[in-house]
Amino acid sequence: MENPPQHRDSQPARLRASDNDRDQVSAVLGEALSTGQLTHEEYSERLDRLYQAKTMGELEVLTHDLQVDRPRPAASPVSYAPGASSEPENIVAVFGGAERKGRWRVRRRTKAFALFGGLRFDLTEARFEAKEVEITVNAVFGGAEIILPEGVEVRCNGVGVFGGFDVQSPPDVDPSAPVIVVKGLALFGGVSGRVRRRRER
């Protein structure tokens with residue numbers, strides 16, 4: 001039988017625990033069991049104490065000696081290049097393609113049009129002119145792909161008509177990263193967005 005960890009007495013430790021707090025600890029204990037850090041007996045014992053715990057301190061002692069991957073806020077993967085430009089960048093692909101990648105400057109407003117063509121915007125190494133930028137994409141019998149860096153917030157206001165318009169925000173948003181507003185129309189075409197993780201680069 002393991003020696004029970006000692007309770008830590010501090011102000012945060014005396015806060016009342018919620019059901020969500022208990023669920024998070026339960027997930028950590030399950031991971032510790034699967035990696036061999038806890039035996040089945042130790043896991044059962046800690047699980048019993050988990051559902052009897054009333055404070056955050058009582059929950060903390062159940063996991064403080066375990067090695068687990070706890071989620072961390074995403075580090076801002078983007079850089080800024082503030083500018084006074086008020087003119088939008090216009091990008092057109094007609095029966096062809098257009099691409100922006102590398103350390104290109106993303107203006108406050110970018111307008112893109114694809115007619116029987118394709119557009120590809122890779123924002124992972126881009127330099128943003130403002131904290132909030134707007135990208136308008138109109139694709140008619142064409143398509144556009146937007147590759148997003150980790151941490152940014154995306155607000156998608158596009159519409160698909162006999163097509164698709166789906167650009168979703170990454171799961172972990174960094175408050176210091178830019179906000180990207182994507183709007184426009186996909187008519188018999190498609191506009192999509194995906195996050196490129198650091199390990200994919």
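Colleague: What should the 16 residues of helix H1 span, and how far apart are its end C-alpha atoms?

Modeller: H1 covers residues 19-34 and should span 22 Å at 1.5 Å a residue. Its end C-alpha atoms are 23 Å apart, which agrees. The expected span is 1.5 Å times one less than the number of residues.

Colleague: What kind of model is this?

Modeller: It is a predicted model, where local features need pLDDT of at least 70, side-chain atom pairs count only at pLDDT 80 or more, and totals for chains, interfaces and linings use all residues. Residues are numbered from 1 along each chain as its sequence is written, and side-chain values use heavy atoms, with hydrogens and water left out.

Colleague: How many helices and strands are in the chain?

Modeller: The chain has three helices and 14 strands. Both are DSSP runs, numbered from the N terminus: helices are H or I with at least four residues, strands are E with at least two.

Colleague: Back to H1. Which of its residues are buried?

Modeller: Asp21, Arg22, Val25, Ser26, Val28, Leu29 and Ala32 are buried in H1. They cover an arc of only 165° around the axis, which puts them on the same side of H1. The arc is that of the directions from the helix axis to the C-beta atoms. Buried means under 20% relative accessible area, exposed means over 50%, and partly exposed is in between (1.4 Å probe, protein chains only).

Colleague: Why do residues three or four places apart point the same way in an α-helix?

Modeller: An α-helix has 3.6 residues a turn, so residues three or four places apart point the same way.

Colleague: What do the buried residues of H1 pack against?

Modeller: They pack against helix H2 (40-50) and helix H3 (56-60). The face of H1 turned away from the buried side carries exposed Asp19, Ala27 and Ser34. Just after H1, glycine 36 takes a positive phi of about 85°.

Colleague: Now the whole chain. What percentage of its residues count as buried?

Modeller: Of the 201 residues, 40% count as buried. The chain exposes about 11500 Å², and carbon and sulfur atoms supply 50% of that. Accessible areas come from the Shrake-Rupley method with a 1.4 Å probe; for residues, only the protein chains shown count as cover.

Colleague: Which residues make the nonpolar surface patch?

Modeller: Val92, Val94, Phe95, Phe113, Phe116, Phe141, Val159, Val161, Phe162, Leu185 and Phe188 make a patch of about 1100 Å². Strand S2 (89-94) and strand S11 (159-161) are the elements that give two or more residues to the patch. Patches are made of residues with over 30% relative accessible area and no salt bridge: like charges are joined within 9 Å, nonpolar side chains (Val, Leu, Ile, Met, Phe, Trp, Tyr) within 5 Å.

Colleague: Where is phenylalanine 95?

Modeller: Phenylalanine 95 is in the loop between S2 and strand S3 (97-100). At 63% relative accessibility, phenylalanine 95 counts as exposed. Its phi is positive, about 55°, although it is not a glycine. Most residues other than glycine have a negative phi.

Colleague: What about phenylalanine 116: where is its phi?

Modeller: Phi of phenylalanine 116 is near 50°, a positive value in a residue other than glycine. Phenylalanine 116 sits in the loop between strand S5 (109-115) and strand S6 (118-122). At 43% relative accessibility, it counts as partly exposed.

Colleague: New topic. How many salt bridges are there?

Modeller: The count comes to 10 salt bridges. Each is a side-chain nitrogen of Lys or Arg within 4 Å of a carboxyl oxygen of Asp or Glu.

Colleague: Which residue does glutamate 45 meet in a salt bridge?

Modeller: Glutamate 45 meets arginine 49 (3.3 Å, N to O). Both lie in helix H2, four residues apart, about one turn of the helix.

Colleague: Which distant parts of the chain does arginine 155 link with glutamate 132?

Modeller: Arginine 155 forms a salt bridge with glutamate 132, the closest N and O atoms being 3.6 Å apart. Arginine 155 is in strand S10 (residues 153-156) and glutamate 132 in strand S8 (residues 132-140), 23 residues apart. Elsewhere, salt bridges that share partners join Glu99, Arg120, Glu145 and Arg194 into one network.

Methods: Contact means heavy atoms within 4.5 Å.
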